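Hi,

Here is the structure I promised to pass on. Have a look at it first, and then read my notes below.

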Amino acid sequence: MAALRLDLIKNYLRPHKRELIIGAFCLIFVNILSVAIPMEVRNIVDDLKEGFTFSYVLNKSTWLILMATVMGGARLISRQLVFGVGRQVEVSLRQKLFDRMLEQDPGWVQTIGTGEVITRATSDLENIRRLLGFTVLSLTNTLLAYTFTLPAMLTINPLLTFFAISVYPVLFGTVGLFGGRMVKQRKRQQQALSELSELIQEDLSGISAIKIYGQERAEQEAFKKLNIRYRDAAINLARTASTLFPLLQGLSSISLLLLIAIGSGQLSSGTLTVGGLVALILYVERLVFPTALLGFTLNTFQLGQVSLERVEELLNHEPTIKDKDNTVNITKPISGKLEAKNLSVSYEDSPRKILDEISFKITPGEIVALVGPVGCGKTTLARALGRIIKIDEGCLYLDDNDVMNLKLNQLRSNIALVPQEGYLFTETLSENIKYGNPEASTEKVQESAYEARMTDDIKGFPDGLKTLVGERGITLSGGQRQRTALSRALLVDSKIIVLDDALASVDNKTASAILQTIKKQYSKTVLMISHQLSAAAACDRILVMNDGKIVQEGTHQFLIKKDGLYKSMWEREKAKEQIQSDD
Ligand SMILES: Nc1ncnc2c1ncn2[C@@H]1O[C@H](COP(=O)(O)OP(=O)(O)OP(=O)(O)O)[C@@H](O)[C@H]1O
């Protein structure tokens, strides 16, 4: 069972004090009236025994209708106000959760799971809304109902009151028992539903893999299993609910039966009036609902407490990559100088150094290539430059400023990273290109698209730049996606651009031409990670990486003359090209 977090509940409710106080006053008023109405009925019924006139009945019934209307109005206001508080807290928590999500490290969602984050931002927030709306209202109402109704019942007849409410503990216990089971069943149903939606989501994203490997049957079977699990969970829940509600009705009828059976004896002995009996019946009816509801309320309260903890856990999760308290704001223009000093990086939960004491310098305007075997750590270095992964202080400098002292925003706006797989949003091509610079003019968008060799592709699209790219850019080819991501990076006013194999979709000559444009027209420093050694050969300088270390450095001419990794990679590539041309 989750710990009682009244402190958190109070914190969430504090800003809504006014609505809650007015809501509580309305509830008090409702409860006063719901005690007064049966009393008035008692008086009328007892008066009727003495005889009545038409005007007496008209007056009294008008008065009763008026009281009932006012009571209904006050109840409506109290519900709207208190439920409204639950909704407002839900909305603001959802916003906070989303803001917090954006602050987290880029790799965070993989560790916790997308489905888990979505569940906390939806189902858990709904539970919190019920905790702060429904349970607050229901608990207050039950408390007030007993506080006002019980004394009124006792004044009419203590013995009958005792018998009438003697069934209530059973009523309460039954709801508690069934309610607990229903909570578990609802959780199972939710779990089954989220597994089902995760499978749909995954299969839709991986539809090509399913088709290529002919796994439709296996996926259908997996879906069938989950679908049946969901159906069974839903049936179990419905079964419990359909047993509980008639049971509650039966139990509350026992209360009425006791009242009538014992009350009729008292009527004949003259210790109770007919009006008194009618009033008691009305009071019992009035208490049944909040009593039965109390079981649900406590379950909802418990569920809300668990959700509160789960949501708080996300809200309190501190990102490891964040701004220091005392960041430096660079006011003079960045020149584009980059320096690494013994830069080492490990991924979370792994002691292995992926980057092992790397040192290099890149001067403003230089075009530097980073080459090396598969998995040697090139992408990791690109991520480290933009602090997408955690690095230590004193390892990386932008214009002689330790990047750890800069605001993340300032660092990332000066180092544009074009990843291997540029992510495209379900927007138009133009919106995707402008993503990092939404104010950019159409001319600028066209220019950056032209420089990234996208113009011919755009001409082929039905709506040019206004063409909607499908989810994650599914309607574009891999190369078109890469070049769209490159146009996006060109449009950003950064001094440094890091291309992580981002020119793989163009030939070596075009790649070299693009690099020259980036250098001359956009005045950017370039770090180009590439497997295309011929494109790397045209760069000002080449860094050769192996097993997390920079093992060689120099111009192409210098490196091919030296025995080492670069020379052997170059010779292998040339041999491969030779074989391909012979074929
Ligand atoms: N998020 C991660 N968590 C743990 N290990 C990772 C993660 N990303 C990469 N690695 C590991 O780090 C090593 C270097 O990977 P990286 O992607 O930097 O290599 P690379 O040189 O860019 O490879 P490629 O040429 O194939 O793109 C690999 O062994 C890889 O398995």
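In what order do the 4 strands of the open sheet come? Before I get to that, keep in mind that this is a predicted model. The order is β2-β1-β4-β5, and the pairing is antiparallel. At the edges sit β2 (355-362) and β5 (401-402), each of which pairs on one side only. If you want to trace one of the pairings, take β1 (residues 338-345) and β2: 5 bridges join these antiparallel strands. Leu343 is a handy place to start, with Ile358 in β2 as its bridge partner. There's also a helix packed on this sheet, α12 (residues 378-385), which touches β1, β2 and β4 (396-398). The direction of α12 makes about 65° with that of β2.

Strand β6 runs parallel to β7 (residues 496-500), and 4 bridges join the two.

Now for the helices. α10 (residues 216-269) is 54 residues long and spans 80 Å from its first C-alpha to its last. That is close to the 80 Å expected at 1.5 Å a residue. Along α10 you'll find buried residues at Leu244, Leu251, Ser252, Ser255, Leu259 and Gly263. What do the buried residues of α10 pack against? Their neighbours are α7 (158-165), α8 and α11. Just after α10 comes Gly270, with a positive phi of about 85°.

Two of those neighbours also pack on each other. Packed helices in general are described by the angle between their axes and the distance between the axes. For α8 (residues 168-205) and α11 (residues 274-315), the angle is about 35° and the axes are 8 Å apart. The crossing of α8 past α11 is right-handed. On the α8 side, the residues in this contact include Tyr168, Phe172, Gly176, Gly179, Gly180 and Val183. They meet a set in α11 that includes Thr291, Ala292, Gly295, Phe296, Asn299 and Leu303. Counted by type, the residues of this contact come to 10 nonpolar and 6 polar, with no charged ones.

That's what I have so far.

Cheers

Notes:
Residues numbered from 1 in each chain as written. Predicted model: local features only at pLDDT ≥ 70, side-chain atom pairs only at ≥ 80, totals over all residues. Pairing = 2+ DSSP bridges. Axes fitted to C-alpha atoms, helices over the stretch in contact; angles between N-to-C directions. Left-handed = near helix turned anticlockwise from the far one by under 90°. Contact = placed C-beta atoms within 7 Å. Nonpolar A, V, L, I, M, F, W, Y, C, P; charged D, E, K, R; others polar. Expected span 1.5 Å × (residues − 1). Buried ≥ 20, exposed ≤ 12 C-beta atoms within 10 Å, placed from the backbone.
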